[in-house]
Amino acid sequence: VQLQASGGGLVQAGGSLRLSCAASGSIFAINVMGWSRQAPGKQRELVTFIPTGGAPIYQGSVKGRFTASRDNAKNTVLLQMNSLKSEDTAVYYCYANIRPNNSSVGYDYWGQGTQVTVSS
């Protein structure tokens, strides 16, 4: 099982970016997909997660600015980021809890990380 993230880049404050992440491999079921981020010198923090069949849950600082969605048919999760601020600058990681084929339990998987830089 692999997670491949794309998107990110450099944007001015107030601008928008969209991240996407696709899961592939021997997948029986995906339980949760979401995004976390890690700013320089800080610990990784949760941004949002979406349980299968549920609504996105957001960290307080991104509510109203970020929108996460899933395409279950394509095993993808998207993160639309609007009204970006300099404090949103970080490496963003997608993650998923996936039950592989021939497994009775789910495991956490992480994408490779994509840089988002917001200039003020």
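Start by selecting tyrosine 95: at 12% relative accessibility, this residue counts as buried (buried means under 20% relative accessible area, exposed over 50%, partly exposed in between, with a 1.4 Å probe and protein chains only). Before you go on, note that this is a predicted model, where local features need pLDDT of at least 70, side-chain atom pairs count only at pLDDT 80 or more, and totals for chains, interfaces and linings use all residues. Residues are numbered from 1 along each chain as its sequence is written, and side-chain values use heavy atoms, with hydrogens and water left out.

**Next stop: the ring partner**

Tyrosine 95 belongs to strand 9 and tryptophan 110 to strand 10 (residues 107–110), so their pairing ties together parts 15 residues apart in sequence. Helices (H or I, at least four residues) and strands (E, at least two) are DSSP runs, numbered from the N terminus. Tryptophan 110 is partly exposed, with a relative accessible area of 43%.

Which rings does the charged end of arginine 44 sit over? One is the ring of tyrosine 93, 3.7 Å from its centre; another is the ring of tryptophan 110, 4.8 Å from its centre. A charge sits over a ring if NZ of Lys or CZ of Arg is within 6 Å of the ring centre and within 35 degrees of the ring normal.

**Last stop: the disulfide**

From tyrosine 95, move to cysteine 21: their C-alpha atoms are separated by 8.5 Å, though the two are 74 residues apart along the chain. Show the sulfur atoms of cysteine 21 and cysteine 94, which form a disulfide at 2.1 Å (a pair of cysteine sulfur atoms within 2.5 Å). Cysteine 21 lies in strand 3 (residues 17–24) and cysteine 94 in strand 9 (residues 90–100), so the link ties together parts 73 residues apart in sequence. This link is right-handed, with 50 degrees about the S-S bond.

Are these cysteines buried or exposed? Cysteine 21 counts as buried at 1% relative accessibility, and cysteine 94 counts as buried at 0%.
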